[in-house]
Amino acid sequence: MKMLRFRSPSIRSLDQEILCTIRLLDDSEISCSIQRDTKGQFLLDHVCNHYNLLEKDYFGIRYVDPEKQRHWLEPNKPVVRQMKSQQPYTMCFRVKFYPHEPMKIKEELTRYLLYLQLKRDIYHGRLLCPFAEAAYLGACIVQAELGDYDPEEHPSDYISDFKLFPKQSLKLERKIMEIHKNELRTLQAPQPFSGSQPQVLWSSRETRGSTSSNGTNFCLSLNYEPVSMRIKCVASIKSDLWL
């Protein structure tokens, strides 16, 4: 009877490349291959090089474990030791924290990526704000996407084409349209970060689902300090929406 012999892994198999897919803030994806000893910083640098992003400190790589819990990839530890899911790995490039002083942001690209993250957090219900501030933020997003209100181009229900909030009522859409129509005009846009810029003082609250030790599901709310967000709306390019 012929016996089966199990061979120990070779050095070559230990160096086998692992495919990683990283989802970006605009829902596009990039991929790369890593080794078993590749650290998390490599993936963050890979995305930043893809964007040619210089202001890296606001961003990180996030992944979801099999229990649907979100984690930040630690830059100084090997990726393989942190991931609990099966290969190939899928992760997300996200804003790790919003800047405390937005006026110190230097790069246009950084502002644009923060803008994309802000839209995602609002739409998915991770950041909550009062009705008035929600309407103003919604109007600024619409202004950045469409430019000035034009009655010949924008029908009465044009705001409904934008999915901005998880619970987007008709009342909110009408208020967004009112602000976009009457308060936000490209020709009246002030110089960047001038004292006359529209300013929103927004106490944000991030909500996360969690589970207690006895298996009870509950919602955890994280309150942040009031965030001063200065928003400049320019019709020409989306990246001119300043946070």
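Start with the largest nonpolar core, which has 53 residues; select L43, I61, M91, F93 and I176, the members that touch the most others. A nonpolar core here is a set of buried Ala, Val, Leu, Ile, Met, Phe, Trp, Tyr and Cys residues joined through side-chain atoms within 4.5 Å. Buried means under 20% relative accessible area, exposed over 50%, partly exposed in between (1.4 Å probe, protein chains only).

Next, select helix α5, residues 131-146, which gives this core nine residues, the most of any contributor. Helices are DSSP runs (H or I, at least four residues), as are strands (E, at least two), numbered from the N terminus. Then colour domain 1 (16-95) and domain 2 (102-186 + 226-241): the core draws at least three residues from each. Those bounds come from an automatic or database domain assignment.

The model is predicted: local features need pLDDT of at least 70, side-chain atom pairs count only at pLDDT 80 or more, and totals for chains, interfaces and linings use all residues. Residues are numbered from 1 along each chain as its sequence is written, and side-chain values use heavy atoms, without hydrogens and water.

Zoom in on I61. Leaving out residues up to four places away in sequence, I61 touches I22, L43, L44, V47, H71, W72, L73, M91, C92 and F93. Contact means heavy atoms within 4.5 Å.

Return to α5. Its buried residues include A134, Y136, L137, I141 and V142. Step past the helix to G147, whose phi is positive, near 85°.

Finally, colour by pLDDT, the predictor's confidence in each residue, from 0 to 100. The protein's mean is 75, and 70% of its residues reach 70 or more. Residues 187-212 fall below 50.
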